[in-house]
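This report concerns a pocket, a nonpolar core and selected residues of one protein model. Please consult the sequence and the structure shown here while reading.

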Amino acid sequence: MEVHIKILAWLHIIFNAIYAVLGISIFLLFLFFGLGTSALIRNIVPAFLVSGMGAFFGFFFLIFGLPGLVLGYGLLTERGWSRALGIVFSLFDLLNFPMGTILGIYGLIVLFNEESSLILSR
């Protein structure tokens with residue numbers, strides 16, 4: 001079961017790192033679009049609008065990615081709190097069709113196993 005916990009940890013790290021990188025990329029992309037827009041049309045209002053949208057969406061994706069990275073770290077280091085957090089995240093992952101659903105089902109199977117409960121409570 002230790003192998004399954006490590007696999008689940010790495011899956012959470014990979015999927016949530018994608019969200020975090022996507023958030024940073026969106027933030028930087030919209031920031032540069034905003035600067036380019038202001039230089040092109042010489043009006044600061046569209047620049048603030050475009051940059052603000054990018055900051056909002058980038059921050060949104062980054063906020064969704066960071067807790068999953070913390071969960072992956074907790075599962076890798078076999079912290080006691082990671083089991084409860086993993087169950088909650090797995091329930092939320094069920095709503096993210098199709099890959100999140102698969103990850104959520106796998107996470108629930110692994111984390112509700114009695115052996116994983118013993119491993120993560122050390």
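## Lining of the largest pocket

Helix α1 supplies the largest share of the lining of the largest pocket, namely 5 residues. In this predicted model, the lining comprises 16 residues in total. The residues that lie nearest the centre of the pocket are Asn16, Tyr19, Phe64, Asp93 and Asn96. Two or more lining residues are given by each of α1 (2–41), α2 (44–76), α3 (81–93) and α4 (99–111).

The space in the largest pocket amounts to about 450 Å³. Sorted by class, its lining holds 11 nonpolar residues, 4 polar residues and 1 charged residue.

## The largest nonpolar core

The largest nonpolar core contains 13 residues. Within this core, Ile5, Leu8, Leu75, Leu111 and Leu120 touch the most other members. Helices α1, α2, α3, α4 and α5 each give two or more residues to the core, and the largest share, 4 residues, comes from α4.

Contacts of Leu120 beyond its neighbours within four places in sequence include two further members of the list above, Ile5 and Leu75. Leu111 is also in contact with Leu120.

## Ser116 in helix α5

Helix α5 spans residues 114–120 and includes Ser116. Is Ser116 buried or exposed? Ser116 has a relative accessible area of 0%, and the limit for a buried residue is under 20%, so Ser116 counts as buried.

The side chain of Ser116 reaches the backbone oxygen of Asn113 at a distance of 2.8 Å. Apart from neighbours within four places in sequence, the residues in contact with Ser116 are Met1, Ile5, Val110 and Leu111. Ile5 and Leu111 are also among the residues that touch the most other members of the largest nonpolar core.

## Leu11 in helix α1

Leu11 belongs to helix α1.

With neighbours within four places in sequence set aside, Leu11 is in contact with Leu103 and Tyr106. Between Leu11 and Phe33 there is a separation of 22 residues in sequence, and the C-alpha to C-alpha distance in space is 33 Å.

How values were computed. Residues are numbered from 1 along each chain as its sequence is written. This is a predicted model: local features need pLDDT of at least 70, side-chain atom pairs count only at pLDDT 80 or more; totals for chains, interfaces and linings use all residues. Side-chain values use heavy atoms; hydrogens and water are left out. On a 1 Å grid over the protein atoms alone, a cavity is a set of points where a 1.4 Å probe fits but cannot get out, and a pocket is an open set with protein on both sides within 12 Å along at least five of seven lines; lining residues have an atom within 4 Å of a point. Grid points are joined across faces, edges and corners, and a volume is the space filled by probe spheres set on the points. Ala, Val, Leu, Ile, Met, Phe, Trp, Tyr, Cys and Pro count as nonpolar, Asp, Glu, Lys and Arg as charged, and the others, Gly among them, as polar. Buried means under 20% relative accessible area, exposed over 50%, partly exposed in between (1.4 Å probe, protein chains only). A polar contact is a pair of N or O atoms within 3.5 Å; within protein, one must be able to donate a hydrogen and the other to accept it, and residues adjacent in sequence count only if both atoms are side-chain atoms. Contact means heavy atoms within 4.5 Å. A nonpolar core is a set of buried Ala, Val, Leu, Ile, Met, Phe, Trp, Tyr and Cys residues joined through side-chain atoms within 4.5 Å.
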